[in-house]
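User: Could you take a close look at the side-chain packing in this model for me? I would like to follow the nonpolar contacts and the aromatic rings in one connected account.

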Amino acid sequence: MKILIIEDEKMLADSLKILLERKGFEVECAYDGKTGEEYAELGIYDLLILDVMMPEMDGYQVAREVRAKRCSTPILMLTAKSDLEDRITGLNAGADYYLTKPFDTRELLACINALLRRQGGQVDEMRYGNTALDLSTCILSCGEKSIRLSDREFDIMRFLLQSKEKNLSKEVLLVRVWGFESNATENHVEVYVGFLRKKLQSIGSNIRIEAIRKQGYHLEVDESC
């Protein structure tokens, strides 16, 4: 299960990350609302843990934007605001549950488990055009032809398949695939996109990875193939 924590208090976010990773979850953090919104809209997470009080873009705004893009990922909202009106605002913005700080970690884990139980079965394959990506084996296939992707190729392809026609910037891909602390540059993204283009071509895929200057990459289906 993959969880995204959107929390501007880095110490709290990192502490929650450690706690949840010890419980077997895969966890990533975004430390501001705008970045968190971009990550959430990728649609790759099973749960969003969202702080309310953040500068520039607060949690209510993030939840509204995520829901406006028809992202149905459960949202657990964390906040120091405990008034009834604040809770109503959070729920109306799109949150599924509203947990007031400070909270007991047992209550947090109970809320997380309850929200994840609602999610049901897991997706094992992603498809677009005539091409499929097996999420358990990292194999990209088209008809009878298939090819195994490296870890970074797999991550980039997965994000592109999730976003389809929506552009993903090189900056977002860098953070998502290589991480916040990496010394990787945009050239690394370009190189791996080049690898993927060749592999898609080798299996006869009708998917094209298109680049738009200053906006990033998106997928298109070539109907003539």
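Analyst: Happy to! Contact here means heavy atoms within 4.5 Å. In this predicted model, L161 touches M126, Y128, L133, I207 and L219, leaving aside residues up to four places away in sequence. L161 belongs to the largest nonpolar core, which has 52 residues. Among those with the most contacts inside this core are also L4, L50, M77, M157, I209 and L219. Helix 6, spanning residues 151-163, gives the most to this core, with six residues.

Now for the rings. A pair of aromatic rings is described by the distance of the centres and the angle of the planes. The count comes to two aromatic pairs. W178 and Y192 make an edge-to-face pair, at 5.6 Å centre to centre and with 70 degrees between the planes. Because W178 lies in helix 7 (residues 170-178) and Y192 in helix 8 (residues 186-202), the pair ties together parts that are 14 residues apart in sequence. Y192 also pairs with F195: the ring centres are 5.3 Å apart and the planes stand at 80 degrees, so this pair is edge-to-face. Y192 and F195 both sit in helix 8, three residues apart, about one turn of the helix. Together, W178, Y192 and F195 form one aromatic cluster.

As for accessibility, W178 counts as buried because its relative accessibility is 12%, under the 20% cut-off. F195, at 37% relative accessibility, counts as partly exposed.

Conventions. Residues are numbered from 1 along each chain as its sequence is written. Side-chain values use heavy atoms; hydrogens and water are left out. A nonpolar core is a set of buried Ala, Val, Leu, Ile, Met, Phe, Trp, Tyr and Cys residues joined through side-chain atoms within 4.5 Å. Buried means under 20% relative accessible area, exposed over 50%, partly exposed in between (1.4 Å probe, protein chains only). Helices (H or I, at least four residues) and strands (E, at least two) are DSSP runs, numbered from the N terminus. Rings of Phe, Tyr and Trp (its six-membered ring) pair if their centres lie within 6.5 Å; planes under 30 degrees apart count as stacked, over 60 as edge-to-face and the rest as tilted.
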